[in-house]
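Biologist: I am new to this structure and would like a close look at a single part, the place where the two chains meet. Please take me through that part in one connected answer.

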Amino acid sequence: MPGRQRADVVVDRNLCRRCQVNEPTITVRTEPLCAACFGKYVSTKIVKRMESFRVRHAGAGNERLLLLPLSLGPCSMTLLHVLSQHLTVQAEKSGRTGYRLHVLHVDDREREDATALMESVKQRYPEHVYSTRLLSDALQLEGINELLDADTDNSDALSTILGRLNSATSRDDMLQILLRKLVVDVAKQQSREAIIWGDSTTRLAERTLAETAKGRGFTLPSVMSDGASPHGVPFYYPMRDLLSKEIVAFASQLDPSLDAMIRVDKAKPAVSTKNTTIDDLMRQYFESVEREYPSIVANVVRTTSKLQAVLLEEVERQCELCDAPLQGHSPERSRLCYGCIRILPHAIE
Amino acid sequence: MAPHICQLCNTSRAQILRPKNHARICAPCFIDIFEREIAETITSTNLFQPGERIAIGASGGKDSTVLASVLKTLNDRHAWGLDLVLLSIDEGITGYRDHSLDAVKRNSVEYDLPLKIVSYEELYGWSMDQVVAQIGKKGNCTYCGVFRRQALDRGAAMLGVGHVVTGHNADDVAETVLMNLLRGDLPRLGRATSILTSTPSATMSRKETEADGGEVTITNVKRSKPLMYAYEKEIVMYAHYKKLDYFSTECIYSPEAFRGSARTLIKNLERIRPESILDVVRSGIDMAKLVPNAEGHPKGAAEAVIRNEVEDEAEGGCGGSNAKEVVSEMAQMEQKLRQDEQAEEAGTETEIKLPSKVLDGQRHDRDLKPDLPPEAALTTYVQGQNHDRHSQTDGQQLPSDIRTVPIRTKQEKKSSRKATRDAPVPKQRLGQCERCGYLSSQAVCKACMLLEGLNKARPRTGIEVG
């Protein structure tokens with residue numbers, strides 16, 4: 001039986017593909033869209049992923065608190081904006097919301113304007129719970145302290161530890177791991193139901209290849225899927241269907257634009273230098289792929305999610321640093337997974 | 001500044017900075033540890049049986065030359081009793097393969113190993129020169145690729161050898177892992193990272209093979225890659241320090257193709273962190289275990305991964321350069337993915353074409369795998385011309401698999417079906433070619449089909465070429 005044929009609709013290519021009313025302002029994948037339709041496209045993709053937190057699943061006054069780590073980059077800012085809107089709509093429609101947001105900013109002391117930026121965020125979205133922690137707080141977490149031999153009295157402990165690592169990649173990796181551990185700790189301490197991350201398709205694709213290159217390929221299905229994670233708190237990635245460039249465009253076109261609140265990272269050199277990290281390499285790579293072949297980026301993420309994660313019930317031991325399930329993925333009697341051994345070769349002695 | 005002392009023997013001056021881990025060692029220690037690591041790979045995976053007959057796929061390039069040299073050395077040193085033979089494929093392209101074949105001949109003399117050169121003419125009745133004379137320069141790459149795929153297996157069977165080894169190194173495997181991640185090709189991920197691959201009959205019907213008098217047919221040839229954990233740079237270094245004789249052929253990759261991309265990434269990764277090549281391989285091996293099989297269960301560690309002829313694409317190059325005619329692989333994939341996305345959103349069925357003939361030299365064989373969701377199916381194009389290890393010894397890019405499937409003699413009818421995005425990684429129906437018995441998911445394998453076309457058009461009087 002031949003498939004249903006789509007009725008041939010006459011499409012005016014000079015108008016927005018969806019509403020056929022306004023002029024297009026941006027081309028998404030192959031469709032030219034006007035600002036309004038593009039805005040809807042972005043919001044819908046995110047909200048769709050929040051299905052499990054719909055109003056009817058929550059009792060009034062009993063809303064679940066979800067932790068939203070805010071890096072002040074375009075993706076997490078956009079996530080905050082769209083979810084704020086979503087909550088407003090939920091409240092309008094039914095008088096209550098399905099969840100509430102706890103926005104957490106982790107300060108790595110790299111930027112002085114972080115505090116000021118956070119203030120403007122709080123002003124624009126006052127309805128949420130806010131808190132800020134220092135990245136160096138991660139050194140006081142159980143297990144980390146001892147593993148890294150951190151001198152917690154020293155305010156520069158973090159730099160000292162990073163200084164001991166053997167490469168820029170290792171430092172970058174360590175920072176990412178510490179950040180994640182801290183966020184998870186906050187979520188656990190305050191009984192947050194889940195952590196809502198702002199990673200885009202592009203970012204997830206970068207991480208797929210980067211973690212593969214670091215020897216942690218086996219962790220990918222567990223750490224990048226929505227739902228239960230080996231860290232003990234469920235992770236969600238509602239931005240997983242949007243490309244970074246789409247998110248950046250969305251943030252810019254908002255009125256008032258989010259650009260003022262988004263921190264701009266220092267530009268990294270385009271050519272591979274001694275200090276280029278594996279993550280930088282993948283970021284550069286996918287930046288170029290995203291331009292011409294966005295569907296390929298999405299395909300990478302989709303493929304990885306097809307891999308079957310280790311069943312969490314069957315995990316016996318986990319890497320002390322990154323929480324990855326250890327069985328078979330580390331040398332005998334090692335406390336760390338292969339990926340983390342690269343960063344801390346001396347820790348296994 | 002005082003010169004460094006070798007970290008292994010603590011005696012000689014260290015002349016070498018080892019690519020794998022930046023250890024500083026002297027040349028003799030390097031040769032020693034290189035050989036020892038390969039020996040370790042072989043023994044820890046039980047790659048060979050004592051007394052086994054092994055055909056070394058020899059292209060004359062650095063990988064197969066080093067492979068031959070190391071295997072010979074280890075075989076003698078550890079008395080494995082292996083019966084080694086060099087196997088070389090001659091496509092019959094005048095002026096092209098000659099130099100590398102000469103190198104292989106010299107290797108044969110040097111290592112005192114018998115050499116068998118198998119030509120396309122011998123295997124199929126047609127040399128590439130003859131094919132081109134018949135069909136012209138367009139589409140000839142397809143023939144070469146298809147023929148090459150089977151050539152090693154057929155050649156081995158002719159020699160009565162059931163195990164072929166190829167010179168695939170860590171860089172190759174790492175590239176393939178990244179490439180398959182980029183392409184979203186999970187089944188191939190499994191095959192690429194297995195050190196030993198097999199055909200279903202080899203694993204399943206040992207009893208039958210014995211009953212037949214243990215005859216080797218082209219359907220039960222094992223394939224392995226002992227150099228899988230050896231860095232390409234170290235292979236070059238080994239060849240240099242042992243003064244091995246090889247013919248270095250260029251690899252041309254079309255710039256936007258997946259393999260070219262993956263190769264660049266690997267090279268950059270190596271610069272950032274040399275261990276990352278093996279880390280990619282390790283990740284690939286681990287991820288392959290997580291690939292769900294048809295029932296949706298993870299495969300788990302399989303001992304011998306099963307190859308599928310149809311999966312092996314014409315990644316090897318051929319003599320003629322059609323780089324400009326080849327549409328960028330990535331652009332093709334992008335287009336297909338988009339169409340599928342749009343179709344899915346519109347709720348229409350995704351199009352599945354029936355098998356078509358080779359039209360413009362390009363395979364439209366997406367549907368050799370009808371069960372594959374469109375994103376995963378790959379149209380394969382002759383991608384770059386790969387003259388070195390990917391062409392001669394292993395036109396089969398890394399054999400394939402997913403799971404044990406009973407061999408069928410009849411081909412199932414393909415039905416067009418709506419492939420959903422969340423379809424589990426699909427089954428592949430393995431069967432045998434009616435004519436030659438080679439593995440195929442068609443009733444007649446690709447090579448036989450092409451040959452049929454060629455033979456029909458062959459004039460009755462012989463054509464002299466050249």
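Modeller: What follows describes the interface between chain A and chain B. This is a predicted model, in which local features need pLDDT of at least 70 and side-chain atom pairs count only at pLDDT 80 or more, while totals for chains, interfaces and linings use all residues. Residues are numbered from 1 along each chain as its sequence is written, chains are lettered from A and ligands numbered from 1 in the order in which they are written, and side-chain values use heavy atoms, with hydrogens and water left out.

On the chain A side, 43 residues are in contact with 48 residues of chain B; contact means heavy atoms within 4.5 Å. The size of an interface is often given as the accessible area lost when the parts come together. Here the buried area is about 4,100 Å², and carbon and sulfur atoms give 59% of it. That area is the accessible area (1.4 Å probe) that two parts lose on being put together, summed over both.

Between chain A and chain B there are 10 residue pairs in polar contact, both residues being at pLDDT 80 or more. A polar contact is a pair of N or O atoms within 3.5 Å; within protein, one must be able to donate a hydrogen and the other to accept it, and residues adjacent in sequence count only if both atoms are side-chain atoms.

Several helices of chain A give two or more residues to the side that touches chain B, among them H6 (168-189), H10 (278-292) and H11 (294-306). Helices (H or I, at least four residues) and strands (E, at least two) are DSSP runs, numbered from the N terminus. H11(A) gives the most to this side, with eight residues. By class, the side has 17 nonpolar, 16 polar and 10 charged residues. Ala, Val, Leu, Ile, Met, Phe, Trp, Tyr, Cys and Pro count as nonpolar, Asp, Glu, Lys and Arg as charged, and the others, Gly among them, as polar.

H11(A) meets helix H14 (residues 329-346) of chain B, where the axes come within 8 Å and cross at roughly 75 degrees. Axes are lines fitted to C-alpha atoms, for helices over the stretch in contact, and angles run from 0 to 180 degrees between N-to-C directions. The two helices, H11(A) and H14(B), are therefore roughly perpendicular, a word that covers 65 to 115 degrees. From H11(A), the contact includes Asn299(A) and Arg302(A), and from H14(B) it includes Met333(B) and Glu341(B). This contact has five nonpolar, two polar and four charged residues.

Two salt bridges cross the interface of chain A and chain B. A salt bridge is a side-chain nitrogen of Lys or Arg within 4 Å of a carboxyl oxygen of Asp or Glu. Arg29(A) forms a salt bridge with Glu341(B), with the closest N and O atoms 3.7 Å apart.

Technical notes: Angles under 35 degrees count as roughly parallel, over 145 as roughly antiparallel, 65 to 115 as roughly perpendicular and the rest as oblique.
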